[in-house]
Amino acid sequence: MSSEIKRRGLMLVLSSPSGAGKTTLSRLLLESDPGIALSVSATTRAMRANEVEGRDYFFVTPDEFESWVRQDAFLEHAVVFENRYGTPKGPVEDALVSGRDVLFDIDWQGTQQLKERAREDLVSIFILPPSHGELERRLKERAQDSDDIVAKRMAKAASEISHWPEYDYVIVNRDIARALAQVQAILEAERARRQRLIGVGEFVAELTR
Ligand code: 5GP
């Protein structure tokens, strides 16, 4: 009987300023690969019209959020644009031990916390928009906001982008199909990383007996 190689799941973080195409990229990755599931965060912000409880977020009150914090139920949590966001611990740990990968759409603050808590499991990718002009165009397109609001968003995007050096990989999203292929290639390579594999020694012993 040949022995089996198993693998601990990995944590794949995608971060970007809004307007870089991260949401579309996450959706395409999840659709293309049944081996990876999205970590659903909890947030205190109001639900948007197109969002679904438990699919996009767990929408909670500030008191509920604080009680999760006190119970140490978050892997990481942070304040983003005046609202609180956090990653529930339980589902992530369950996925990793059973060899499933987890995708996180979290900001740089959360990524730093995951780095401190779980460096070995973490693979982080920063998605950049192709140019200043394109970023501005996408932020304007998003909502018919005043120039003032668009300028504020640009400033926020610039501050988010300043964290790119803290990530393992950087992808410039010029073309969504190309960016998706790059994320998939990173995921495939990281899945084969020796440190994540369990039982290779036994497998090799069997090969060479
Ligand atoms: P939105 O409110 O537009 O869905 O998300 C705003 C920002 O919060 C995005 O940059 C998103 O990546 C980030 N975010 C969402 N969930 C979490 C989380 O659980 N932890 C952290 N640190 N950031 C999050």
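**Strands, sheet and packing**

Strand β3 (residues 36-38) pairs with β8 in the parallel sense, over three bridges. Two strands count as paired if DSSP finds at least two bridges between them. Helices (H or I, at least four residues) and strands (E, at least two) are DSSP runs, numbered from the N terminus.

This is a predicted model: local features need pLDDT of at least 70, side-chain atom pairs count only at pLDDT 80 or more, and totals for chains, interfaces and linings use all residues. Residues are numbered from 1 along each chain as its sequence is written, and side-chain values use heavy atoms, leaving out hydrogens and water.

**Around β8**
- Ile-36 stands opposite Asp-101 in β8.
- Strand β2 (residues 11-15) also runs parallel to β8, joined by four bridges.
- Met-11 has Val-102 in β8 as its bridge partner.
- Four of the five residues of β8 (residues 101-105) are buried, meaning under 20% relative accessible area with a 1.4 Å probe, protein chains only.

**The open sheet**
- Four strands form an open sheet with mixed pairing, in the order β5-β4-β7-β6.
- β5 (58-59) and β6 (74-80) are the edges; each has a single partner strand, so one side of each lacks a neighbour in the sheet.
- β4 (residues 42-43) and β7 (residues 83-88) run antiparallel, joined by two bridges.
- Ala-42 stands opposite Gly-86 in β7.

**Helices on the sheet**
- Helix α2 (residues 62-70) packs on the sheet and touches β4, β6 and β7; contact means heavy atoms within 4.5 Å.
- The direction of α2 makes about 45° with that of β7. Axes are lines fitted to C-alpha atoms, for helices over the stretch in contact, and angles run from 0 to 180 degrees between N-to-C directions.
- Helix α3 (residues 89-97) packs on the sheet too, touching β6 and β7, at about 30° to the direction of β7.

Terms used. Buried < 20%, exposed > 50% of the residue type's maximum accessible area, 1.4 Å probe, protein only.
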